[in-house]
Amino acid sequence: MSEPSWTVVVPVKRLDVAKSRLRGALPGVPHEALALALALDTVRAVLACDAVAALLVVTDDPRAAAAVRAAGARVLPDAPDAGLNAALRHGAGAVDGPVAGLTADLPALLPAELGEALRATADTPGVRHFVADAPGDGTVLLAAPAGVPLDPRFGAGSAAAHAASGALPLAGGWPSLRRDVDTPADLAEAARLGLGPHTAALAARRPAVAPG
Ligand SMILES: Nc1nc2c(ncn2[C@@H]2O[C@H](COP(=O)(O)OP(=O)(O)OP(=O)(O)O)[C@@H](O)[C@H]2O)c(=O)[nH]1
Ligand SMILES: C=C(OP(=O)(O)O)C(=O)O
């Protein structure tokens, strides 16, 4: 097995405004706790991946910053404060060597699937690669070899945007990597695959019984 070489950059939006489509998905669970749990399970899997040398989380959220730091990530403030792609460019700009941007909403992520995807980039060297999300329209991972700018184009229709910008799609199955969680239905899908411990603990909570 080759040495770990990748730095993974994970952007985490301020928890109070992150993952708005998921608000209320787990009754009785504060929204910020759910957004944080998704990020912590993502971070946990990245740190356990043998292809990853370092993890850089770009965030302005103090609670998220403290929690991911405690888990072993480096934290960079979201100085541009101009959205996901600006945060990724900022993070990638602080990195030497191969760099991958990964979304922070992958609570079922298995380290082995991330490792396979990162290693698969070596089959076509010198170019950017991306992994589309399960529906195929979005992107969960964008990877650039050393010396090539990450040039992220996340957002609606990002799989097509990444392809149009010259990035090659990676074709593995990788269900846990492709399972980003934007909606309650996505969360149910992720639970079917197997949630990481932070999100699983919240999903196992029962809402308090209403008085009377
Ligand atoms: N640092 C940083 N991260 C961001 C920003 N916007 C989105 N992200 C992160 O980018 C990833 C993918 O974002 P989305 O799935 O669009 O998440 P979102 O904007 O929180 O969710 P919705 O409100 O449901 O659209 C998640 O890890 C977010 O935390 C931003 O402005 N700054
Ligand atoms: C940020 C993206 O979308 P979503 O909001 O669906 O995670 C994307 O897929 O590029």
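Is S158 buried or exposed? S158 is buried, because 23 other C-beta atoms lie within 10 Å. By the rule used here, buried means 20 or more other C-beta atoms within 10 Å of a residue's own, exposed means 12 or fewer, partly exposed is in between, and C-beta atoms are placed from the backbone.

Some background. This is a predicted model, in which local features need pLDDT of at least 70 and side-chain atom pairs count only at pLDDT 80 or more, while totals for chains, interfaces and linings use all residues. Residues are numbered from 1 along each chain as its sequence is written, and chains are lettered from A and ligands numbered from 1 in the order in which they are written.

S158 sits in helix α5, residues 158-164; helices here are DSSP runs of H or I with at least four residues, strands are E runs of at least two, and both are numbered from the N terminus. Neighbours within four places in sequence aside, S158 is in contact with G138, T139 and R153, contact being C-beta atoms, placed from the backbone, within 7 Å.

T139 belongs to strand β6, residues 139-144. T139 is also buried, with 27 other C-beta atoms within 10 Å. Its contacts beyond four places in sequence include F130, F154 and H162.

The unreviewed UniProt entry annotates T139, G155 and S158 as "binding site". They are spread over 20 residues of sequence, yet cluster in space, with a largest C-alpha distance of 8.1 Å. Such annotations may be inferred rather than shown by experiment.

Notes: Two residues are in contact if their C-beta atoms, placed from the backbone, lie within 7 Å.
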